[in-house]
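Q: Could we go through this structure together? I would like to begin with the overall picture and then turn to individual helices and residues.

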Amino acid sequence: KNSVKATEKELVTCNLQGKEKTALKRSQIFQIPGSKDLETKVIVVLGKAGMGKSILVQKICQDWSNGEFSQFEFVFWFDWNQISSPEKQYSLKDLLLEFFVKPQEGSKEIFEYILQNPAKVLLVFDGFEGLHDHESFPRCSASQPEKGLCNIKELLSGLIQKKILNGCTLLLTARPKDKVYQYVSKVDKTIEITGFSPQQRELYITKYFEGLPYCDNALKLIKECEYLFSHCYSPVMCRFVCFVCETVLEMGDNKLPSTLTRVFLKFVQQKIIPMQTDDTAVQNQESLATLAHVAWYLGEKHRSAIKSHLLPSKEVKEFALKYGFFLPFAFPRHSDSGEEEFGSTFSDFVIQNFLGALHLMLAEEIKDRSPTKYLSFPFKKKKPYIWLDLVPRFLAGLLFLQDDPYLCSLSNKNRKQSTKKQKALLKYIRRLKMNELCPERLLELLHCTYETQSNSLLQHVALRLKPDLSFLDVVLTPPDVHVLHCILKRSREEFSLDLRNSSIDMQGLKDLVGLKNVASFRASLDDTVRLWKSLEWTKDYELLRASTEKFVIDPFKAKTMKDISDLSDLVEMQEMMINCVQDASGCSSYEIPAIKNLRKLEFALGPVHGLQGLLKLVEILAAFPSLRHLDLDALSENGIGDEGAKSLSEVFPTLTSLETLNLSQNKITDVGAEKLATALPSLSSLKTLSLYNNSICDFGAENLAKVLPAMASLRVLDVQYNKITGVGAQQLTDSLRKCPHIKTLVMWNPTIPYGVLEHLQQLDSRISV
């Protein structure tokens with residue numbers, strides 16, 4: 001079973017513009033195109049607690065020891081819990097050759113070789129989130145940074161700032177919430193571990209139960225409990241669910257716990273009860289309560305490890321080690337005595353979360369109203385998130401498990417207080433202004449509510465959700481989608497969902513889109529197209545038709561070449577949809593509403609891909625019959641030039657609904673202006689044309705002037721900040737007299753003498769400067 005933990009998970013590298021997903025192999029992690037060998041390279045691996053970041057870096061170390069990653073002669077791996085004590089002082093040599101490994105001889109020569117060959121060194125800092133409680137990252141102040149003493153934060157700062165061992169490779173692991181970029185200004189590569197796909201979940205569960213008589217039954221049982229199966233996307237959660245399922249099946253039962261809180265209460269119960277006797281039962285209860293206090297105490301300090309002498313008693317330590325809640329843990333050697341300090345660390349982050357929540361429920365010193373302050377959906381945006389971020393969910397679940405016999409045995413003395421805390425939680429949630437919660441905190445509220453399994457509370461939340469729910473750029477995990485789906489379907493209201501850049505998986509998208517009260521949705525184009533192709537493959541024409549009716553893309557902003565490719569794929573779906581609708585209903589024509597109703601399209605690919613992207617976009621523009629606003633003006637300047645202007649002008653006759661065309665800041669000259677002018681009259685609905693800040697001269701102005709009378713719908717023309725002189729300005733003014741329909745001509749140019757422009761404005765007040 002332990003070998004299952006090492007199952008290779010999908011790695012995802014994120015580019016900051018489009019967060020495009022690319023599956024990586026471990027061998028590709030250190031490949032950074034265009035990087036310089038002589039500069040330090042910083043690679044960050046992100047992933048929620050329990051996703052397998054530590055297992056990944058341990059596997060990298062193992063691979064290296066087996067001959068892979070041969071570019072590194074030295075690999076040093078550090079657990080942040082071990083080295084992050086602020087009172088500890090290290091030199092680089094101490095950290096590498098005293099703390100990590102102590103060579104029997106030649107340490108001086110080895111260190112000198114490392115200094116002379118930094119490119120051959122990989123430094124791994126696992127658990128970088130330990131920095132979260134520091135407002136700023138300190139600068140390395142040692143006079144001889146590679147040999148002087150400083151604390152670990154200063155030492156790491158020196159490595160990142162290239163003052164120490166410049167040219168090495170740094171691999172940092174952290175949770176997404178920990179804002180690594182606040183401390184590390186330059187990151188060469190960001191990788192995110194996204195967890196198991198549904199197929200990988202099934203594989204893990206099958207491997208876990210391999211060889212056991214109830215293997216098939218276990219997988220079926222877990223998949224039937226959709227909420228727990230959704231949590232199995234996390235490797236650590238999958239292991240706990242499998243353990244509890246194994247326990248349930250061995251007892252001859254056929255029903256899994258319905259919530260995560262019940263899973264972990266069952267886990268704790270099954271760890272302790274089979275080994276305890278009547279004589280040890282009371283002692284175990286007391287030890288568990290004390291251990292829960294330790295879990296919360298360490299969590300407040302953003303730590304999971306504790307030195308042995310700081311534990312309340314020897315009995316608590318033995319209890320925690322005996323039942324697997326603790327693992328032995330070694331702290332760094334004393335600089336004076338050279339001896340290691342021993343302690344313990346929680347065997348799992350989720351266990352520490354659960355015990356922390358248990359403490360908040362059991363502790364007499366925490367009054368009935370106090371627990372609500374630990375829920376992570378307050379309105380103050382600057383309030384730091386709880387490091388034990390699953391505590392609110394477990395706390396809500398525990399407070400609504402008053403009738404569980406095992407929990408009752410733990411809280412007999414405090415039964416009244418637990419009931420008061422439950423009432424306080426109910427009152428708090430009922431008073432929340434849910435419309436004011438940001439998406440992340442709304443999701444946390446949904447999770448907490450779900451863990452209570454209180455029908456009245458679930459209904460209360462469902463009825464108070466606002467109709468427009470945006471999760472734009474908010475990662476939606478499978479459990480997030482499950483609780484959102486569960487609560488949405490309880491409401492009688494209609495909802496509009498924005499799921500763009502949410503990393504939602506296909507099954508989750510299918511479930512949400514399939515809800516009858518989801519009237520419309522936005523999602524990433526590639527996700528939506530993949531969903532439709534999947535529905536077409538399974539011949540689920542009813543959901544295919546319904547999902548296309550609900551899908552909207554207006555307004556659409558293209559920022560990358562992928563956006564243009566995705567838009568092209570959407571247009572290509574039209575033909576497939578015609579065939580599907582014909583098969584399902586006999587109708588011979590069908591337009592995807594999202595294509596039919598697109599009114600505004602913004603194009604912002606920048607100068608590198610601007611022309612290439614536009615040429616691809618032009619191929620599909622005719623597919624959007626309702627397009628009214630085409631905006632090719634971007635802060636980074638698209639620079640489509642004359643070639644782009646020519647290509648665009650060729651499709652003007654098909655853009656019969658276009659009312660606004662913005663071609664500002666695109667390096668268009670007289671050549672492009674001439675091509676545009678020839679085709680502009682075919683834009684029969686055009687009201688506003690902007691050619692602001694291009695390179696159009698008098699010849700271009702002359703060509704525009706010739707066609708203005710033929711553009712009957714035009715109301716506003718902007719040609720300011722070009723290279724038009726008084727000659728071109730006069731031609732435009734003369735043409736303006738024949739165009740009573742035009743309301744405004746914006747014509748200020750640095751090349752037009754001010755007196756000339758002022759005179760022209762006196763002749764025609766529609767000229768704006």
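This is a predicted model: local features need pLDDT of at least 70, side-chain atom pairs count only at pLDDT 80 or more; totals for chains, interfaces and linings use all residues.

Q: Understood. How many helices and strands are there in the protein chain?
A: The protein chain contains 30 helices and 21 strands.

Q: And what share of the residues is buried?
A: Of the 769 residues in the protein chain, 54% are buried.

Q: What about contacts with a separation of 6 or more: what percentage comes from residues 24 or more positions apart?
A: Such pairs account for 75% of those contacts in the protein chain.

Q: Let us turn to α7 and α9. At what angle do their axes cross?
A: Helix α7, residues 215–224, and helix α9, residues 235–250, cross at roughly 115°, and their axes come within 10 Å. The crossing of α7 past α9 is right-handed.

Q: Which residues make that contact?
A: From α7 they are Asn217, Ala218, Leu221 and Ile222, and from α9 they are Val241, Cys242, Cys245 and Leu249.

Q: How many of them are nonpolar, polar or charged?
A: The contact of α7 with α9 has 7 nonpolar residues and 1 polar residue, with no charged residues.

Q: Changing topic: how far does α13 reach from its first C-alpha to its last?
A: Helix α13, residues 349–362, has 14 residues and reaches 20 Å, close to the 20 Å expected at 1.5 Å a residue.

Q: Why is α13 described as largely enclosed by the rest of the structure?
A: Because 14 of the 14 residues of α13 are buried, that is, each has under 20% relative accessible area.

Q: What caps its N-terminal end?
A: Aspartate 348 caps the N-terminal end of α13, with a side-chain oxygen 2.8 Å from the backbone nitrogen of valine 350.

Q: Another aspartate, then. Where is aspartate 63 found, and is it buried or exposed?
A: Aspartate 63 is found in helix α1, residues 53–65. It is buried, because its relative accessible area is 3%, and the cut-off for buried is under 20%.

Q: Which residues is aspartate 63 in contact with, leaving aside neighbours within four places in sequence?
A: With that exclusion, aspartate 63 is in contact with Arg26, Glu68 and Phe69.

Q: Finally, glutamate 542: buried or exposed?
A: Glutamate 542, which lies in helix α22, residues 541–550, is exposed, because its relative accessible area is 71% and exposed means over 50%.

Q: How far apart are glutamate 542 and glycine 514 in space?
A: They are 9.9 Å apart, C-alpha to C-alpha, and 28 residues apart in sequence.

Definitions and conventions: Residues are numbered from 1 along each chain as its sequence is written. Side-chain values use heavy atoms; hydrogens and water are left out. Axes are lines fitted to C-alpha atoms, for helices over the stretch in contact, and angles run from 0 to 180 degrees between N-to-C directions. Helices (H or I, at least four residues) and strands (E, at least two) are DSSP runs, numbered from the N terminus. A crossing is left-handed if the near helix is turned anticlockwise from the far one by less than a right angle, and right-handed if clockwise. Contact means heavy atoms within 4.5 Å. Ala, Val, Leu, Ile, Met, Phe, Trp, Tyr, Cys and Pro count as nonpolar, Asp, Glu, Lys and Arg as charged, and the others, Gly among them, as polar. Buried means under 20% relative accessible area, exposed over 50%, partly exposed in between (1.4 Å probe, protein chains only). The expected span of a helix is 1.5 Å times one less than its number of residues. A polar contact is a pair of N or O atoms within 3.5 Å; within protein, one must be able to donate a hydrogen and the other to accept it, and residues adjacent in sequence count only if both atoms are side-chain atoms.
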